[in-house]
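Look at the fold below, then read on.

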Amino acid sequence: MDAHDESSFEEAPTLDQARRQIRHYGLDSDPQAVLVAVRLMAAGARLGQASEVHFSRFGLSTGRYRLLADLEDSEGEKSPSLLAASLGVSRATVTGLIDSLERDGLVLRRPSARDGRASVVVLTARGAQKLRDLAPDHFRRLQAMVAGLSVEERTVFLDLLSRVTRGIGALTER
């Protein structure tokens, strides 16, 4: 992406555009609040696209990486239903991710030691190695992504992001 693309993203839409749209529909909404939400949604979409490009360097998708990282954080094994819950996706989505990771030898399924009727997903040595191999580049790029923020700004950003995240339900509630 060139510098022109970067600046057009930062400026679009503008506060004036938000005001015009709100007036056009005869609404009593706060243009700045609408602008923050719209830009956040656009940034989220761009971040999602960039994440896919980033993880494809390692033969993964964002979802496949998140599942591997979640398994690693869970001492190498977890039930599919707990994986779905912690990743915030459906059980069907987790099944698809597990199937593809299992084909690549990065995870395996085995019966649960606690409940023989249930299964758990286990991070294989190859899966753990994949995470170790990508870690240096991955964490370097994550740090570079927020390099324009000071420690104090990152602290404020994390707080603001947490508060905005709690409001996401407003988009899905009936």
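His138 is buried, with a relative accessible area of 5%. Buried means under 20% relative accessible area, exposed over 50%, and partly exposed in between, using a 1.4 Å probe and protein chains only. His138 sits in helix α7, residues 125-145. Not counting residues up to four places away in sequence, His138 touches His54, Phe55 and Tyr65. Contact means heavy atoms within 4.5 Å.

This is a predicted model: local features need pLDDT of at least 70, side-chain atom pairs count only at pLDDT 80 or more, and totals for chains, interfaces and linings use all residues. Residues are numbered from 1 along each chain as its sequence is written, and side-chain values use heavy atoms, with hydrogens and water left out.

Now for Glu75. It lies in the loop between α4 (62-73) and β1 (77-78). Glu75 counts as exposed, because its relative accessibility is 78%. Its phi is positive, about 60°, although Glu75 is not a glycine. Most residues other than glycine have a negative phi.

| Residue | Place | Relative accessible area |

Next comes the core. A nonpolar core is a set of buried Ala, Val, Leu, Ile, Met, Phe, Trp, Tyr and Cys residues joined through side-chain atoms within 4.5 Å. The largest one has 22 residues, and Leu60, Leu67, Leu68 and Val107 touch the most other members. α4, α5 (80-87), α6 (91-103), β3 (119-123) and α7 each supply at least two residues of this core. α4 gives the most, with 5 residues. Leaving aside neighbours within four places in sequence, Leu67 contacts Leu83, Leu87, Val94, Leu97, Ile98, Leu101 and Val107.

What is the pattern along the whole chain? It reads α-α-α-α-β-α-α-β-β-α-α. That gives 8 helices and 3 strands. Helices (H or I, at least four residues) and strands (E, at least two) are DSSP runs, numbered from the N terminus. The radius of gyration is 20 Å, well over the 16 Å that the globule rule gives for 174 residues, so the chain is more spread out than a compact globule. This radius is taken over C-alpha atoms, and the globule rule is 2.2 Å times the number of residues to the power 0.38. The C-alpha atoms fill a box of roughly 60 × 40 × 30 Å along the principal axes. Of the 174 residues, 25% count as buried.
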